[in-house]
Amino acid sequence: MKGRIFSGVQPTHTLHLGNYLGAVRNWVRMQKEYECIFCVVDMHAITVFQNPEELTKNTREVTAAFMASGIDVSHSIIFAQSQNRVHAQLAWILNCVARVGWLNRMTQFKEKAGKDRENASVGLYTYPVLMAADILGYQATHVPVGEDQKQHLELARDIAQKFNTDFGSDLLVPPNPVIGGPAARVMSLRDGTKKMSKSDASDYSRINMTDDADTIALKLRKAKTDPEALPGPDVLDERGRVKAEEEAKRPEAYNLLAIYAALSNKELAEVINETAGKEFSGFKRDLTDLAVSVLGPIGAEMQRLLANPGEVDAVLKAGAEKARAISEPILKKIENAVGFLSA
Ligand code: AMP
Ligand code: TRP
């Protein structure tokens with residue numbers, strides 16, 4: 001094993017194609033080489049108000065998406081953050097290590113809190129410290145995340161280093177970010193300059209992992225394109241990548257091509273060579289067939305699991321037990337280093 005992976009997803013909405021291609025699918029591949037812990041971060045979700053019933057439903061749905069995508073629970077751990085108290089307990093200690101000045105620099109807080117910062121929850125402010133606790137509580141070595149989480153991982157490293165210096169310990173392991181892979185950024189189907197996102201008001205902007213074949217077909221048919229035919233190899237640079245100035249001219253076209261490439265496990269250049277000069281209508285039909293062939297079985301398995309919530313809950317419960325078995329001894333040592341008496 002090359003190390004221990006920890007990653008998390010918030011159960012705030014149904015997962016979409018961007019989550020699948022940018023995150024979950026890569027995790028499935030990494031299971032063979034790493035010890036993996038995947039966490040449904042419900043404690044992070046409530047930093048912004050969540051309807052309790054929706055939160056429960058979404059926690060099961062994200063778990064079902066992980067399982068249906070191929071996370072093998074006999075090998076990897078899936079659990080919900082709130083099912084292991086270590087996260088909250090370690091977060092408190094780390095809140096006393098992290099500096100206000102560090103948190104004030106977090107751009108995600110500024111974005112999420114918006115103009116009315118006084119009215120944001122304290123949890124939203126200290127969100128990155130809980131994230132550091134998630135990772136450091138398992139001494140995880142690698143953390144696959146999206147580009148937007150890079151700053152939070154830097155913070156986790158800073159917290160680990162300060163704790164180790166302050167307490168003369170080596171208990172906290174600064175984690176390494178794992179960012180990228182093909183289709184690291186899937187864009188909205190309605191606007192090729194915006195990321196495909198759970199929070200976009202229009203459901204036509206994204207393909208959800210639970211969408212059935214007809215819905216996928218409809219969304220791709222309606223996906224924004226331009227009147228020109230598909231580009232040819234002249235848009236590629238010498239390394240086979242689309243030139244930036246070309247991409248800026250037709251963001252929607254390149255997004256669909258990138259999705260096609262990711263779903264078919266091909267290089268983008270290869271897809272561009274194959275589809276050069278074709279009309280969008282035919283290409284969209286091919287893309288629909290491809291998307292349905294990849295997502296169809298996953299969506300069907302998700303539906304089966306969601307109809308059997310007991311099966312999903314049992315997986316989370318078993319996962320939480322394993323998560324506690326790893327993190328409780330680590331927390332004990334950390335508490336000891338701080339000078340807490342054992343209970
Ligand atoms: P989020 O949906 O923002 O909670 O992100 C969960 C995971 O999915 C993170 O690792 C993100 O980087 C990844 N992700 C979210 N949206 C996209 C997207 N449009 N393209 C690629 N990856 C994404
Ligand atoms: N903040 C991450 C996101 O919004 C989710 C997350 C919480 C996470 N804890 C984590 C990701 C620990 C990786 C490791 O995407």
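Q: At what distance does a polar side-chain atom of Gln149 lie from a nitrogen atom of ligand 2?
A: The distance is 3.0 Å between the polar side-chain atom of Gln149 and a nitrogen atom of ligand 2. A polar contact is a pair of N or O atoms within 3.5 Å; within protein, one must be able to donate a hydrogen and the other to accept it, and residues adjacent in sequence count only if both atoms are side-chain atoms. Tyr127 has a side-chain N or O atom 2.6 Å from a nitrogen atom of ligand 2, and for Gln10 a side-chain N or O atom is 3.5 Å from an oxygen atom of ligand 2. The protein buries 89% of the 370 Å² that ligand 2 exposes when taken alone (accessible areas by the Shrake-Rupley method with a 1.4 Å probe; for residues, only the protein chains shown count as cover).

Q: What kind of model is this, and what are the conventions?
A: This is a predicted model, in which local features need pLDDT of at least 70, side-chain atom pairs count only at pLDDT 80 or more, and totals for chains, interfaces and linings use all residues. Residues are numbered from 1 along each chain as its sequence is written, chains are lettered from A and ligands numbered from 1 in the order in which they are written, and side-chain values use heavy atoms, with hydrogens and water left out.

Q: Which residues around ligand 2 are the closest?
A: A residue is near a molecule or strand if one of its heavy atoms lies within 4 Å of it. Ligand 2 is surrounded by 13 residues, the closest being His44, Tyr127, Met131, Asp134 and Gln149. Seven of the shell residues are nonpolar, five polar and one charged (nonpolar: Ala, Val, Leu, Ile, Met, Phe, Trp, Tyr, Cys and Pro; charged: Asp, Glu, Lys and Arg; polar: the others, Gly among them).

Q: Which helix gives the most to that shell?
A: Helices (H or I, at least four residues) and strands (E, at least two) are DSSP runs, numbered from the N terminus. Helix 7 gives the most, with four residues. Strand 1 (4–9) and helix 7 (122–136) each supply at least two.

Q: What surrounds ligand 1?
A: Ligand 1 has 13 residues around it, with Asn19, Gly146, Val186, Met196 and Lys198 the closest. Its shell has five nonpolar, five polar and three charged residues. An oxygen atom of ligand 1 is 2.9 Å from a side-chain N or O atom of Asn19, and a nitrogen atom of ligand 1 is 2.9 Å from a polar backbone atom of Met196. Lys198 places a side-chain N or O atom 3.1 Å from an oxygen atom of ligand 1. Taken alone, ligand 1 exposes 470 Å², of which the protein buries 87%.

Q: At what angle do helix 7 and helix 8 pack?
A: Axes are lines fitted to C-alpha atoms, for helices over the stretch in contact, and angles run from 0 to 180 degrees between N-to-C directions. Helix 7 and helix 8 (residues 150–167) pack at about 70°, their axes 9 Å apart.
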